[in-house]
Amino acid sequence: MRFDVITLFPAQFTALTEEGVVARALQRRIAEIHLRNPRDDTTDVHRSVDDRPYGGGPGMVMRYAPLRAAIEAARAEAAAAGVRSRVAYLSPQGERIHQAKIARISAAPGWVLIAGRYEGVDERLIEDCVDEEWSIGDYVLSGGELAAMVVMDAVIRLLPGALGHADSARQDSHANGLLDCPHYTRPETIADQRVPQVLLSGDHRAIERWRLQQALGRTWQRRPELLQERGMSDVEQQLLDDYLREASRSRPSVGAEQSEQ
Ligand code: 4HQ
C-alpha cells in the first residue's frame, strides 16, 4: 500500500518512518510513505504557500495552486507505480475515523493525504481535489501531520506481515467492537495484587472465555455506547451478566456508578 503525504513539515514524519512497527513495514516493502512539500510546487519567487483569509480574521489559509500541483504530482507518481490513489484531507470538520474505517482505508491501494497547517486549506481545493475528509477526534491540532501519522500507523499495522503475530491485529481492542481485556506479565504478585487465577490454569477455553467476559464488562462500564451499537449474542449477554454480578459483589461502587447516570 502507498501513501503520498502533502506536508510543509516532512521531517516530522521520521517519528513514524525511523523506528517501530511502521518503520519495519516500510523496510519489508509492505507499505510506502512518500512525502511531498507543496512549497516545492510553488511558482513565485517567495515560494508562498499561504495567504490572508478573505473576509479578514486571524491566521492564514493554504493557497489552492501549490496544493493542487502537489496533489496532481503525487497522484501521477503513484499512477506511474501502478497505484490509483484517492485523496483525503485531515481536518476537524471531517468524518470521525474509527477502527472499522481504518480497515476500509487499508483495503485501498493508495492514498494522498493532505496535512494542512494554519486555519486550513482554501475550500475550493476540497471541492475540486479531495475525495474524503477525515477527523481523528474532536480537538484541534496545530497541523494535520500528527493526524496523518495517526491514520497511517493504524492502517499500516493492519497490513499482512506488519505485526509479528499473524493474529495480534485481530485481537486488538476495537477489532471486535469491544475494548481490550486486561493483560498481565511477571511477577505473579505485586504487593497484594495477584494475576487472575484462570490465566495461570493452562485451560485455553476458560482463558478465552474470561478475556471475552472482561472485554464485555469493561466496555459496558467505560463505553456503553459501543456495546449498544454492536449488540451481544446470548452467550455474551450471559458472560456480561455474570461479570456485573461479580463486580457488584466485590466492588459495589462500580455497578452503582452507572445506574446513577
Ligand atoms: N487539524 N483531525 C487544523 C486537526 C485535525 C483533527 C488538522 C488542525 C488540519 C488545518 N485533523 N488543520 N482533529 O485538528 O484531523
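This report describes the domains, nonpolar cores, ligand site and selected residues of a predicted model.

**Domains**

The protein chain is assigned two parts: domain 1 covers 2-156 and domain 2 covers 189-256. Taken over C-alpha atoms, the centres of domain 1 and domain 2 are 40 Å apart.

In soluble globular proteins, nonpolar side chains tend to be buried together. The largest nonpolar core in this model has 30 residues, and the members that touch the most others are F3, I33, W111, L113, W134, M152 and I156. At least two residues of this core come from each of strand 1 (2-6), helix 2 (21-27), strand 5 (85-96), helix 4 (99-106), strand 6 (110-114) and helix 6 (144-156). Helix 6 provides the largest share, 8 residues. Another core lies apart from this one; it has 17 residues, including L8, M62, V87 and I114.

The surroundings of M152 can be listed in detail. Leaving out residues up to four places away in sequence, M152 touches F3, V5, F13, L16, I33 and L113.

**Ligand site**

There are 17 residues around the ligand, and L90, I136, G137, Y139 and L141 come nearest. Strand 5, strand 7 (132-135) and helix 6 each contribute at least two residues to the shell around the ligand. Strand 5 gives the most, with 4 residues.

| Residue | Protein atom | Ligand atom | Distance |
|---|---|---|---|
| S91 | polar backbone atom | oxygen | 3.4 Å |
| G137 | backbone N or O | nitrogen | 3.1 Å |
| Y139 | backbone N or O | nitrogen | 3.0 Å |

On its own the ligand has 370 Å² of accessible area, and the protein covers 96% of that area.

N37 is found in the loop between strand 2 (32-36) and strand 3 (50-51). The relative accessibility of N37 is 16%, so N37 counts as buried, the cut-off being under 20%. A polar atom of the N37 side chain lies 2.9 Å from the backbone nitrogen of R39. Apart from neighbours within four places in sequence, N37 is in contact with T7, L8 and P10.

Q214 belongs to helix 7 (residues 204-222). Q214 is buried because its relative accessible area is 15%, again under 20%. With residues up to four places away in sequence not counted, Q214 touches C181, P182 and Y243.

**Backbone geometry**

The peptide bond from R186 to P187 is cis, with omega near 5°. P187 is in the loop between helix 6 and strand 8 (189-190).

R29 is not a glycine, yet R29 has a positive phi of about 60°. R29 sits in the loop between helix 2 and strand 2. With a relative accessible area of 68%, R29 is exposed.

A191 is likewise a residue other than glycine with a positive phi, here near 50°. A191 lies in the loop between strand 8 and strand 9 (193-194). The relative accessibility of A191 is 78%, so A191 counts as exposed, the cut-off being over 50%.

Technical notes
Residues are numbered from 1 along each chain as its sequence is written. This is a predicted model: local features need pLDDT of at least 70, side-chain atom pairs count only at pLDDT 80 or more; totals for chains, interfaces and linings use all residues. Side-chain values use heavy atoms; hydrogens and water are left out. Domain bounds come from an automatic or database domain assignment. Buried means under 20% relative accessible area, exposed over 50%, partly exposed in between (1.4 Å probe, protein chains only). Contact means heavy atoms within 4.5 Å. A nonpolar core is a set of buried Ala, Val, Leu, Ile, Met, Phe, Trp, Tyr and Cys residues joined through side-chain atoms within 4.5 Å. A residue is near a molecule or strand if one of its heavy atoms lies within 4 Å of it. A polar contact is a pair of N or O atoms within 3.5 Å; within protein, one must be able to donate a hydrogen and the other to accept it, and residues adjacent in sequence count only if both atoms are side-chain atoms. Accessible areas come from the Shrake-Rupley method with a 1.4 Å probe; for residues, only the protein chains shown count as cover.
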